[in-house]
Amino acid sequence: MRKKKKAMGIILTIITILIVLLMIVYTNHQVHLKKETELRSSLGQMVEVSGHNMSVYIEGTSDTTIVFMSGGGTCSPILDFKSLYSLLSDKYQIAVVEKFGYGFSDIVDKSRDIDSILEDTRAALTAAGLTAPYVLCPHSMSGLEALYWAQKYPDEVSAIIGLDMAVPEYYDSMNINIPLLRIASWAANIGVTRFVPGISDSDAVKYGTLSDKEKEIYKAVFYSRTATVTMINETEWVKRNAEKVKNLDIPQLPMLLFISDGSGGTGFDKEIWRKIPIEYISQVNDGEYIELNCPHYVHDYEYKTISESIIAFLSE
């Protein structure tokens with residue numbers, strides 16, 4: 001009996017310590033969030049879509065509008081793409097749409113089927129005063145949305161420039177760990193991520209051209225937009241979204257794919273990562289691809305090469 005009481009006492013002590021630690025971690029997180037309020041002021045304009053706020057950033061003026069579309073889980077799309085679009089905005093109008101759950105947009109718990117995602121993006125651009133046709137520039141997962149856009153509304157898409165973008169075949173064998181994402185979301189909401197050294201130092205922060213102030217903003221956004229419920233809903237839908245795109249005809253329009261070496265968290269080896277999009281683009285009549293020896297966030301590494309290639313591609 002004494003041993004049982006002693007064991008229970010130890011367990012209760014451990015539970016109490018854990019609760020106190022979590023309370024300290026959570027309180028620390030809330031204090032920092034309050035201090036970072038000004039840093040999280042939108043860099044673009046906020047537009048209303050379905051009763052919620054979406055962030056759209058516009059830079060430059062031109063008859064050609066390039067729409068940048070972020071990959072899954074990219075906490076701050078506006079800053080993530082900056083190293084690249086800053087080299088293009090003197091020739092083209094650029095727009096960055098931050099989906100719900102990303103950047104400065106609202107976090108919403110709603111369906112992320114591909115039709116819902118696409119209609120949100122189209123509505124946000126319209127509300128921001130932009131009109132199609134667009135040159136779509138998706139990174140990673142947003143490649144599905146870009147392809148579907150061209151399939152569903154071909155008159156609205158003049159070209160697709162993929163930044164290591166996803167094509168449907170990637171998801172045939174991709175393993176997605178939703179429970180792990182939910183744990184990451186819980187840890188982020190509590191504030192555990194603030195105690196992980198270097199976790200907010202994204203490729204954009206480490207290898208891009210962000211100023212010190214922009215890096216500070218990026219990190220503030222990171223701590224409020226990591227594994228949001230909207231992102232998780234999007235990931236839960238992605239295989240079904242890929243299947244829907246796969247079952248439609250491959251869009252026949254000018255298409256340029258920049259393909260990474262597969263490193264940086266893709267889960268694929270170099271050979272397979274490159275083989276899949278090369279096989280896809282071979283079925284596009286006016287399709288080209290460029291292989292880059294860098295990780296998945298290609299626009300944070302090879303922004304000069306990519307910008308020059310985009311200008312050449314759009315000039316043809």
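Rings of Phe, Tyr and Trp (its six-membered ring) pair if their centres lie within 6.5 Å; planes under 30 degrees apart count as stacked, over 60 as edge-to-face and the rest as tilted. This is a predicted model: local features need pLDDT of at least 70, side-chain atom pairs count only at pLDDT 80 or more, and totals for chains, interfaces and linings use all residues. Residues are numbered from 1 along each chain as its sequence is written, and side-chain values use heavy atoms, with hydrogens and water left out.

**Stop 1: the aromatic cluster**

Select Tyr57, Phe68, Phe81 and Tyr85. These residues form one aromatic cluster. The structure holds nine aromatic pairs. One of them joins Tyr57 and Tyr85, a tilted pair with 5.5 Å centre to centre and 35 degrees between the planes. Tyr57 is in strand β2 (residues 52-59) and Tyr85 in helix α3 (residues 82-85), 28 residues apart. Helices (H or I, at least four residues) and strands (E, at least two) are DSSP runs, numbered from the N terminus. Tyr57 counts as buried at 16% relative accessibility, and Tyr85 counts as buried at 1%. Buried means under 20% relative accessible area, exposed over 50%, partly exposed in between (1.4 Å probe, protein chains only).

**Stop 2: Tyr134 and Trp149**

Go to Tyr134 and Trp149. Their rings form an edge-to-face pair, 5.8 Å centre to centre with 65 degrees between the planes. Tyr134 lies in strand β5 (residues 134-138) and Trp149 in helix α5 (residues 142-152), so the pair ties together parts 15 residues apart in sequence. Tyr134 is buried at 4% relative accessible area. Trp149 is buried at 0% relative accessibility.

Step back to Pro133. The peptide bond from Ala132 to Pro133 is cis, with omega near 10 degrees. Pro133 is found in the loop between α4 (114-127) and β5.

**Stop 3: charges over rings**

Select Arg122 and Tyr153. Arg122 lies over the face of Tyr153, at 3.8 Å from the ring centre. Next, show Arg240 and Trp237. The charged end of Arg240 sits over the Trp237 ring, 3.9 Å from its centre. A charge sits over a ring if NZ of Lys or CZ of Arg is within 6 Å of the ring centre and within 35 degrees of the ring normal.

**Stop 4: α6 against α9**

Show helix α6 (residues 178-190) and helix α9 (residues 229-246). They pack at an angle of about 175 degrees, with axes 10 Å apart. Axes are lines fitted to C-alpha atoms, for helices over the stretch in contact, and angles run from 0 to 180 degrees between N-to-C directions. That angle makes α6 roughly antiparallel to α9 (under 35 degrees is roughly parallel, over 145 roughly antiparallel, 65 to 115 roughly perpendicular, the rest oblique).

Which residues meet here? From α6, Ile178, Leu181, Arg182 and Ser185 meet Ile232, Thr235 and Glu236 of α9. Contact means heavy atoms within 4.5 Å.

**Stop 5: Ser200**

Select Ser200, in the loop between α6 and α7 (203-207). Ser200 counts as buried at 6% relative accessibility. Leaving out residues up to four places away in sequence, Ser200 touches Val205, Tyr218, Lys219, Phe222 and Tyr223.

**Stop 6: two positive phi values**

Most residues other than glycine have a negative phi. Ser50, not a glycine, has a positive phi of about 55 degrees. Ser50 lies in the loop between β1 (45-49) and β2 and is exposed, at 56% relative accessible area. Finish at Ala227. This residue is not a glycine either, and has a positive phi of about 50 degrees. Ala227 lies in the loop between α8 (212-222) and α9 and counts as buried at 15% relative accessibility.
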